[in-house]
Amino acid sequence: HTKLAVQAARSMNKKIFIGFRAQAFQATPAFEDYFTSKFYRDHPEYRAYDRDGTPAMRMSYAVPQVREHIYNILRETLAYKPDGIEIIYFRGLPLMLWEDAFSDRFREKYGADAKQVLENDPRLYELRGEIMTGFTRDVRKLLDDVQKEQGKKERYELMASVVHTENDNRKYGLDVERWVKEGLIDKISIFPVAFHTDTSKPVDMDWFSKITKGTKTEVYPLMIGWRMSSYEDAIANARDYYAKGAAGLLFWDP
């Protein structure tokens with residue numbers, strides 16, 4: 001399927017990014033039989049665990065083996081030579097909870113029990129950010145290494161599809177501003193109504209424009225087909241995004 005998608009894009013002289021959902025390891029009923037993975041089933045010890053030890057239906061990015069598994073998937077995808085990779089974070093939050101891999105690292109760094117601190121303790125956010133920035137650096141290096149191995153002239157681009165406010169991104173370890181400063185990402189996609197975020201607030205285009213100003217990183221707000229109440233509202237929304245610095249628009253569920 002990836003091969004055919006890339007071929008189709010080339011036949012139309014279009015660029016193509018292959019998207020990777022951050023938690024596409026397992027789905028809920030009634031999709032659990034075909035939307036699953038052997039890696040998820042074989043490694044319950046790599047899953048995210050809540051404070052009381054309850055396993056969550058997600059893998060933990062605090063676990064090195066999980067990150068390594070993802071790197072291998074991305075490397076396999078790059079064999080088809082798309083133009084870039086999109087990491088779809090907004091369909092995978094939270095990326096880690098209170099499993100040992102995270103809690104042990106928290107204790108080493110802060111000398112405290114992660115399971116006992118408040119859920120909005122800034123140290124939780126800081127450590128999540130440290131882990132996810134390490135992940136992003138590794139993905140950027142992987143893209144650059146594969147480019148060299150393939151003798152490809154153009155850099156593989158990396159798009160981070162994140163959530164819509166500074167605080168919600170920081171809360172889940174998505175240190176978008178740092179990724180931009182370090183030149184790790186080429187494009188940002190913004191999802192306006194992700195699960196577990198403050199959907200009462202609009203997309204903070206002012207913040208995204210501020211952190212990308214003077215850089216090569218482009219911003220692409222995402223508009224959702226079934227949330228467009230009318231043609232007039234959709235056009236007005238698009239105009240507003242462009243006025244605030246959007247390089248383009250993405251569409252979800254058109």
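I started with helix α4 (residues 100-110) and α5, whose axes cross at roughly 110° and come within 11 Å. This is a predicted model, so I read the values as computed ones. Angles of 65 to 115 degrees count as roughly perpendicular, so α4 and α5 are roughly perpendicular to each other. I noted a right-handed crossing for α4 and α5.

Next I listed who makes that contact. From α4 I found Phe102, Arg105, Phe106, Lys109 and Tyr110. From α5 I wrote down Arg123, Leu124, Glu126, Leu127, Arg128, Glu130 and Ile131. I sorted the residues of this contact into six nonpolar, no polar and six charged.

Then I turned to helix α3 (residues 64-78) against helix α5 (residues 122-150). Their axes lie 10 Å apart, and the packing angle is about 30°. Under 35 degrees counts as roughly parallel, so α3 is roughly parallel to α5. I looked up the handedness too: α3 passes α5 in a right-handed crossing.

On the α3 side, I found Arg67, Ile70, Tyr71, Leu74, Arg75 and Leu78 in the contact. On the α5 side, the list includes Ile131, Gly134, Phe135, Asp138 and Val139. My tally for the contact of α3 with α5 is 10 nonpolar, two polar and four charged residues.

Last, I picked out Thr136, which sits in helix α5. Is Thr136 buried or exposed? Its relative accessible area is 3%, so I marked Thr136 as buried. Leaving aside residues up to four places away in sequence, Thr136 touches Tyr89, Leu158, Trp179, Leu184 and Ile185.

How values were computed: Residues numbered from 1 in each chain as written. Predicted model: local features only at pLDDT ≥ 70, side-chain atom pairs only at ≥ 80, totals over all residues. Heavy atoms only, no water. Axes fitted to C-alpha atoms, helices over the stretch in contact; angles between N-to-C directions. Helix = DSSP H or I, 4+ residues; strand = E, 2+ residues; numbered from the N terminus. Parallel < 35°, antiparallel > 145°, perpendicular 65-115°, else oblique. Left-handed = near helix turned anticlockwise from the far one by under 90°. Contact = heavy atoms within 4.5 Å. Nonpolar A, V, L, I, M, F, W, Y, C, P; charged D, E, K, R; others polar. Buried < 20%, exposed > 50% of the residue type's maximum accessible area, 1.4 Å probe, protein only.
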